[in-house]
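Okay, thanks for making time, everyone. Let me put the structure up, and then I'll walk you through it.

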Amino acid sequence: MIIKDTEFVLKDGRKALLRSPKDEDIRGVLDYLYVSAGETEFILRYPEECGKYTYEGEKALFDRINASENEAMLVCIVDGKVAGNCQIAWKTGLKTRHRASVAIALLKEFWNLGIGTRMFEEMIRIAEANENLIQMELEFVEDNTRARALYEKMGFRITGINPNAIRLRDGTLLNEYCMIREIRR
Ligand SMILES: CC(C)(COP(=O)(O)OP(=O)(O)OC[C@H]1O[C@@H](n2cnc3c(N)ncnc32)[C@H](O)[C@@H]1OP(=O)(O)O)[C@@H](O)C(=O)NCCC(=O)NCCS
């Protein structure tokens, strides 16, 4: 689905734009996918795995999500640069259509400026507008204290643990935590 543009002010005073992705964002999103993968272990891809992302592939993804009735992507643009994106998607089966999954990541230079908070406010608004949805769900990797702080601030609580869900290249095993947030209307 297409989400209407919103402007907001970052903690450092710069203006930011939040909106559905457009073709003009494709190069920026490809750069963001590659760079962000090398900036933190909390993103579930290594930079060398980003070769599979292509201009055509991202265009098809944007077109599909923008035309979808159960999925939305938002990109955040700061000074003409793609700072990161977030996604919300819910299932369509009768038994599972009450659950929405969300995901978010930003380039490091844009952490701690309030973008994550603003993205979650928007994803919560989208979820609340869908009467079938009763909960939002996400996962985070252990020790991701910034993400956990954001999620708890936005009303999520830990509901479970997936032991050793992540194995880093050096063999380190990390747990993944599941969180949910009930939707209040
Ligand atoms: C996690 C992430 C999406 C958060 O977005 P963000 O724009 O940095 O978040 P915000 O600035 O809106 O809010 C972060 C909050 O956490 C707080 N915070 C930051 N670092 C923290 C820490 N180490 N411990 C506790 N709280 C922390 C901030 O003070 C802020 O709270 P406040 O607004 O009440 O002051 C972003 O940092 C990111 O992309 N990280 C790398 C990728 C990633 O981890 N993605 C999530 C995968 S599950």
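Predicted model: local features only at pLDDT ≥ 70, side-chain atom pairs only at ≥ 80, totals over all residues.

Is D79 buried or exposed? It's exposed, because 8 other C-beta atoms lie within 10 Å. For background, most residues other than glycine have a negative phi. N112 is another one to look at, with a positive phi of about 65 degrees, and it's not a glycine either. You'll find N112 in the loop between β5 and α3. It counts as partly exposed, because it has 13 C-beta neighbours inside 10 Å.

Okay, let's zoom out. The protein has four helices and eight strands. Reading from the N terminus, the order goes β-β-α-α-β-β-β-α-β-α-β-β. How does the radius of gyration fit a compact globule? For 185 residues you'd expect something near 16 Å, and the protein has 16 Å, so that agrees. The C-alpha atoms fill a box of roughly 45 × 40 × 35 Å along the principal axes. Of the 185 residues, 25% are buried. And if you take contacts between residues at least 6 apart in sequence, 58% of them join residues at least 24 apart.

Now for the part of the sheet around β6, which covers residues 135-141. Five of the seven residues in β6 are buried, so it's mostly covered. On one hand, β6 runs parallel to β5, residues 99-106, with three bridges joining the two. In that pairing S101 stands opposite E137. On the other hand, β6 pairs with β8, residues 173-182, in the antiparallel sense, over seven bridges. E137 turns up again there, opposite I180 in β8. And how do you get from β5 to β6? Through helix α3, residues 115-128: β5, α3 and β6 make a right-handed β-α-β unit.

That brings us to the ligand. How many residues surround it? There are 22, and the closest are L106, G116, T117, A147 and A149. β5, α3 and α4, residues 145-153, each supply at least two residues of that shell. Which of the elements gives the most? That's α4, with six residues. By type, the shell divides into twelve nonpolar, eight polar and two charged residues.

Two last stops, both towards the start of the chain. G28 sits in helix α1, residues 26-37. It counts as partly exposed because it has 19 C-beta neighbours inside 10 Å, and the cut-off for buried is 20 or more. Leaving aside residues up to four places away in sequence, G28 touches K81 and V82. G28 and V75 are 47 residues apart in sequence, and their C-alpha atoms are 10.0 Å apart.

Then there's D12, in the loop between β1, residues 6-9, and β2, residues 15-19. D12 counts as exposed, because it has 10 C-beta neighbours inside 10 Å. From D12 to L174 is 162 residues in sequence and 33 Å in space, C-alpha to C-alpha.

Methods: Residues numbered from 1 in each chain as written. Buried ≥ 20, exposed ≤ 12 C-beta atoms within 10 Å, placed from the backbone. Rg over C-alpha atoms; globule rule 2.2 N^0.38 Å. Contact = placed C-beta atoms within 7 Å. Pairing = 2+ DSSP bridges. Right-handed = clockwise from strand over helix to strand, strands pointing away. Near = placed C-beta within 6 Å. Nonpolar A, V, L, I, M, F, W, Y, C, P; charged D, E, K, R; others polar.
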